[in-house]
Each structure stands twice: as C-alpha cells, then as structure tokens.
Amino acid sequence: KCIIMSACKRLLYIVKHRGIWPSIWRRNVTTWSPVGAAFNAKPHRRLELFEKNVGLFGVPELSSPAGFEVTTKRALKDTQELVDKVCSSPPGAVTVETFDQLSDGLCKVADLADFVKVAHPEPSFREAAEKTCIEIGTVVENGILHNDSSLICWITKKKVAELFMFDFAISGIHLDEKLRKEAVKLHVKLLDLNNEFLMGSHLPNRIAKSAIPEHIHCHFATEGSFIQIGGLHAESSNDLVREVAYRIFLYPNADLMECLEELLKCRNKLAKLVGYESYAHRALQGTMAKTPETVMNFLQLLTDKLSERYNIEPSLYSPYFSLGSCMEGLNSLFTKLYGVSIMSEHPSAGEVWNDDVRKLAVVHETEGLLGYIYCDFFHRANKPHQDCHFTIRGGRQCQESGQYQLPVVVLMLSLPHPTKSAPTLLTPSMMENLFHEMGHAMHSMLGRTRYQHITGTRCATDFAEVPSILMEYFATDYRVVNQFARHYQTGQPLPQSMVARLCESKKVCGAADTQLQIFYSALDQMYHGKPQNRSTTDILKDMQHKFYGLPYTPNTAWQLRFSHLIGYGAKYYSYLMSRAVASMVWKQCFVQDPLNRDMGERYRREMLAHGGGKEPMLMVEGMLQRQPTIEDFVDALVTDLNPDFETFIMDSTS
C-alpha cells in the first residue's frame, strides 16, 4: 500500500508541477472504456530492450528488412510445389483447395509487402517490401501464364473454381504459347507502369519561392529556395493559397503524362489480346454493372436527375468527437448489431512499425476471436495522406490444420496526434472516414469463407464499398451518434440540433459532390474504353464540360493525380453504385432502428458473410428481399439529397 500511495503521489506531483494535465483526465477516467482510453491516451515510446522482436505482424523473419527476401523465396518455392501438384494430379475438388492454398501463400507475403512499401517509416523496409511486390508479381505472371494449359481443363460449378478460372482467363491462360508470352510481357510491363504512376501521382511539385507572394509561404513546406506543394490545400480559408496549390500541384509533368498514356495503351492491348472489346469490358466482368454501357447509362441517368441544391463549422463539432469516444461508439454499435466487441491488445516487440499503432482484437460473444485490426491512425513524415484498408492476411479454412486462419487487416488514416491538453479531436469528415474504413475492416472480420481468394473485401469492386459506405449512414444518425459523442472536457452530449445541421450540410453540397464523382467515373470509363486519337487532357476537358460544368483550368493535368486509375481502372463508378446499394439497405432495413440486432444479423448473413463467393446482386436481393433496377439505384442517390427525407423519417417514427 505504501508503494502504491507513493507512486500515486509522485504521479500527481509530476502532473501538477510539469504542467502535463491532459484535459481527458479532467473527466473521470473510469468513464472511458478500455478501447476508448487506448485511443485517447498519448502513445509512449516503448522500451523493448528485454523483449524478443517477433517481427512485423508477428512474422519472425520480418524483424529486419532482409526478412522480406527470405519470406519471398519461401513463398515462391511453396507456390511452385503447389503448381506442380495441380498439374500432376487428376482434376477434382482438391484442385480448388490447392489453388486457394497457393493463393494464400502468395497473398500473405505480397499483401503484407504492399502495405509496408507505403506505410513503414523506415526506407529500408519500404524498399525491401517494394522489391518483394515486384518479384512476386513478375513471377506469378510468368509462372502461372507460362504453365501447362492443362490447368484450364477442369471446370466445376462451384463459385470459387469459377472465380479462379475467370482470373486465369482474363490474364490470358487460354491463349496459345506465342500470345501467352505476349500477355506475360504486357502484365510485367503494367506492373512497372502501375507502380511508376502510383508513386508519381503522390509526389509534390515545387516552385521557386520568388514566384509566389511571400505572405503565403508559411502555408507550404520549403526546400532551400523552393516551395514544395504536395496537395490542393482545399480546406484552407485563404483563396490565394487554394489557387496557388491548385495550379502548381496539378501542373503537368511530362514524364508522368507519358507514363499514363503508355499505361492506358498497354491495358487496352492486353484486353484485346485476351478477347475483350476494351479494358473496361474486361474489368467489369463479374461486377454488378457487368458492362461499360450499363455504367454510362447509370451515370447519365443520375446526371439528368440531379438538381442544384448550405455549411457547418467543423471546429464546433471536434470537441465532441475525440478519437477515443468515436472508437467507443464503434464498439457499442458493433456489439448491438453483431454481438462483437473490439478490444485493445498490447502488441509484442517488433510487431508494429510505429509506436502509435494500436492493435485491436475483434471478439464475438459466442464465436470467440474473429481476427485482428491494426490501427495506423496518426500522421507521420513520408506516410501517404490517404485513408485506406489493407488486407494483410485473408481468412480461410485451413485443410492442413483443420483450423480457421484468422483475418488480419490494417486501417490507415492520417489524423493529428493528441496533445498535452487534448486527445485527438476529429472533424465530422474525419469521424465519417473512420466509420467508413471500419466498415471495410468488419467486412473482413465477419466473413467466414472457406477460401481466402474470396474472403472479406475480395469481391466485386462495385460491391466492396457497400459495407463501408453504409457505415457513413450510421455515423450521421443521431440515435447512433448520441451513444458516443461527448464533449472531451465537460462530458456533455452533442446536441441533436447540431447533428441535424450536419446532415443538412451534407445535402447542401451533396449534389455537387455526387456530380464530381460522376465526372471522375465517366473520365475513368473514357480512358479505358475504345482508344481515342487525342490526349488524356483533351478527354478530361470534354468529360469535365459534359459531366461537371466547371471550366477546365489551363496548364493543369488533374488526371496525373488520379491515383485511383491504378486500383480502380474502369471501376471508379463503384463508389456511386455502392452508395446507391448502401442507401437502399439503410432506408429499407436500418432507418427505423439503426441498432436492431435482428437486422444486423440479417445483414451479416446476407451481405457480409460471403465475401466474393456469391454474386453481388444476389446478396443485394437477399438483403432487400427484392430485385432492384438501375432506376432504383439512381433514385436512391437522388433521394439522399432530398432535404425532406429526414423530416419524413422523424414524422413516421414519432
């Protein structure tokens, strides 16, 4: 007792006399749940002198960058053995099991490396991971496509086998040897072009300090006699800062322009080689839309129905949205809907790549541990300014051990660090983004697919965003927000009137935001449709005039910052189509009671459980218990912009 009392007195002395009295402590600490406290506390540098380094994500070899070479060689060796097994065995159910085991072995290395190459703070780790990505990608294209064509001799009616066959077919495995070699060369070239464009699209542009007014220099990073501009600064209240950032950041880069032009040509050539009219036709196979014509029809109908439609001050909301309280809100929501809790765990030495990364265990009340989420939430140097979800390890039933391989994912945000006087406080858009990304994570956690090839978010692109966008509806419903939004100093709840204003503000610019997404989607379709004898900038001008209305700014090349062209080539429309599905699900299934457990279980059963193992439209039909039309998709989006919708709901529920 004496030791404890002495320690407490010393802690109080330090707090009082060194001035570190975080305002979150002014509130009774017992009111924070463990998960809330974990995210509201300022991280401390860990002393790992006597702890064994378990390696990134618990992979022992990855305690150093050299471990990537070891894991890569082992994965490729195991892959070759599995390919040989498939080729030498009679076709049957074991073929699918073997291919999924093969896919799992490669993905566990490649997916992890794909994350590390962009997120790890140490250049040596990033470079080693990048090398792994290129090596595995190259070997896979060469190995699989060059392998014996007997791989395609067996087709089963099972969905997973069909998906494997589809993946092989769009890659060109059905071609004769000469054309298959050409397809391999195109795949390898595209790997390099994709990487070059993706890296270049995030690089800052620079300009001499003397070229812009001195009084705005402070808004940008400096490098000697140059100003570095790495973004649009869209949230700046200074219109000159926004204009300078727009013109400089989007100034055309000749090398990157050439890279994009070549990338689009190679994609079209590959699509033609494997039997498709265009890259868009190839990319849309297996999606809800199915064809480029359906996508353009959807975009045009939506444009025709949109009409012109005010703003909130984010700083008024931030005190109610501490990161810890938002995590408590997510925990509460998942418990009510699915019987799932998120629990903070202490990572082992070397398991995480930065001291401020948090590890969460996702635990079901009866099923037990479902998987792990690593939360890389805070800004740091050289970390991409993008919110995203990475699958590190997919869930699958391991035939070798009889155990279920638990999924592991990373959520990456770029939030401000907590300070001495306050925890990390989120703006409404940051809070909404947190809910959005956690929707992806729960899609990965709540599925229990037999094969990792179709686990979680490994599904049709225009369905993959449904679970994340649906979470945005929960994030702006007062009945949900009221569960967690408390002022970090006073503990007072966020007034309902402020939530109502927040919803209205989303509608104010909602039509313009939707129209912008239509423009991006149409541009993406045009880039990946039939080749046109004009530059990507000329195509952009045309699409901007037709689908957005605001004039093109001379000497800019926004398309060179459109990094989604890599991961979402010909599929950028997916955000709009997924939002339409999420809107229909929200209005039909959750708007009357967003915390209804029965509806949460139905949602998991019909939409989250299958990953990519079921046709996306069948999952939508199962949830809605009807078959929606394209007009239903359009109406769902337009209705979201109707200011009377929430009034109608409030009247009907009261």
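**Exercise 1. How many salt bridges does the count come to by the rule used here?**

Solution. This is a predicted model, in which local features need pLDDT of at least 70 and side-chain atom pairs count only at pLDDT 80 or more, while totals for chains, interfaces and linings use all residues. Residues are numbered from 1 along each chain as its sequence is written, and side-chain values use heavy atoms, with hydrogens and water left out. A salt bridge is a side-chain nitrogen of Lys or Arg within 4 Å of a carboxyl oxygen of Asp or Glu. By this rule the count comes to 31.

**Exercise 2. Find which parts Lys269 and Glu182 tie together.**

Solution. Begin with the contact: Lys269 forms a salt bridge with Glu182, and their closest N and O atoms are 3.9 Å apart. Lys269 belongs to helix H9 (residues 254–273) and Glu182 to helix H7 (residues 177–202), so the pair ties together parts 87 residues apart in sequence. Helices (H or I, at least four residues) and strands (E, at least two) are DSSP runs, numbered from the N terminus.

**Exercise 3. Is strand S5 largely enclosed or open?**

Solution. Buried means under 20% relative accessible area, exposed over 50%, and partly exposed in between (1.4 Å probe, protein chains only). In S5 (residues 358–364), six of the seven residues are buried, so this strand is largely enclosed by the rest of the structure. Next, consider its partners, where two strands pair if DSSP finds at least two bridges between them. Strand S4 (residues 340–345) pairs with S5 in the antiparallel sense over six bridges, and S5 pairs with S6 (residues 368–378), also antiparallel, over seven bridges.
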